[in-house]
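Have a look at the sequence and the model, then read on.

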Amino acid sequence: MELGRFGSQALLVCLLCVTAGMAASAKESTTSGLPIPRYVSLKSDHVNVRAGPTKDNDVEWVYTRSGLPVEITAEFENWRRVRDSEGAEGWVYHSLLSGRRTAVVTMKHKDDLASIYERADSTSPVTARLQAGVVTQVKHCGSGWCHVAGNGFDGWIEQQRLWGVYADEKVD
């Protein structure tokens, strides 16, 4: 059966619409109803990371730091596939994750220090300098800056210096 020039274009457009609709509904139909990907943090200081989304899968490693940020990249029932700041991925049971936002300080060179400013302005006074790998609590982000706090510091850092918030993401 030949559709002709306009019939085949209409079929192609229709297929593209159906494919786009399926992709949109797949994105919206997560188990939790929340967007993927998204950042969360570890709720416990003992979190088993498994090879797959069931307790029958082997434990690949154990996180031992509460508050560490991870990115959820997939969901399956009550399990979440997470990725950490070093790129390691595995499956974690949902109740071991928290919506509390945290981030890890990242630097181009491991020995560089990230400045924490009094205000969201690089000309304001520096209140602290943090090493790469320091975990911060994220209080607020906007306009390329995040208000962060942690043990012995509270101030503003350039958003690009953090792993745990997306570029230009607004966090309240």
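W61 is partly exposed, because its relative accessible area of 27% falls between the 20% limit for buried and the 50% limit for exposed. Keep in mind that this is a predicted model. In total, five aromatic pairs turn up in the structure, and W61 belongs to one of them, with Y63 as its partner.

**W61 and Y63**
- The two ring centres are 5.9 Å apart, and the planes meet at 85°, so W61 and Y63 count as edge-to-face.

**W79 and Y93**
- Here's another edge-to-face pair: W79 and Y93 sit 5.2 Å centre to centre, with 75° between their planes.
- This pair ties together distant parts of the chain, with W79 in strand β5 (residues 79-83) and Y93 in strand β6 (residues 89-93), 14 residues apart.
- W79 is buried, given a relative accessible area of 8%.
- Y93, on the other hand, is partly exposed, at a relative accessible area of 29%.

**A charge over Y93**
- Y93 has a lysine to look at too: the charged end of K55 sits over the Y93 ring, 6.0 Å from the ring centre.

Technical notes. Residues are numbered from 1 along each chain as its sequence is written. This is a predicted model: local features need pLDDT of at least 70, side-chain atom pairs count only at pLDDT 80 or more; totals for chains, interfaces and linings use all residues. Side-chain values use heavy atoms; hydrogens and water are left out. Rings of Phe, Tyr and Trp (its six-membered ring) pair if their centres lie within 6.5 Å; planes under 30 degrees apart count as stacked, over 60 as edge-to-face and the rest as tilted. Buried means under 20% relative accessible area, exposed over 50%, partly exposed in between (1.4 Å probe, protein chains only). Helices (H or I, at least four residues) and strands (E, at least two) are DSSP runs, numbered from the N terminus. A charge sits over a ring if NZ of Lys or CZ of Arg is within 6 Å of the ring centre and within 35 degrees of the ring normal.
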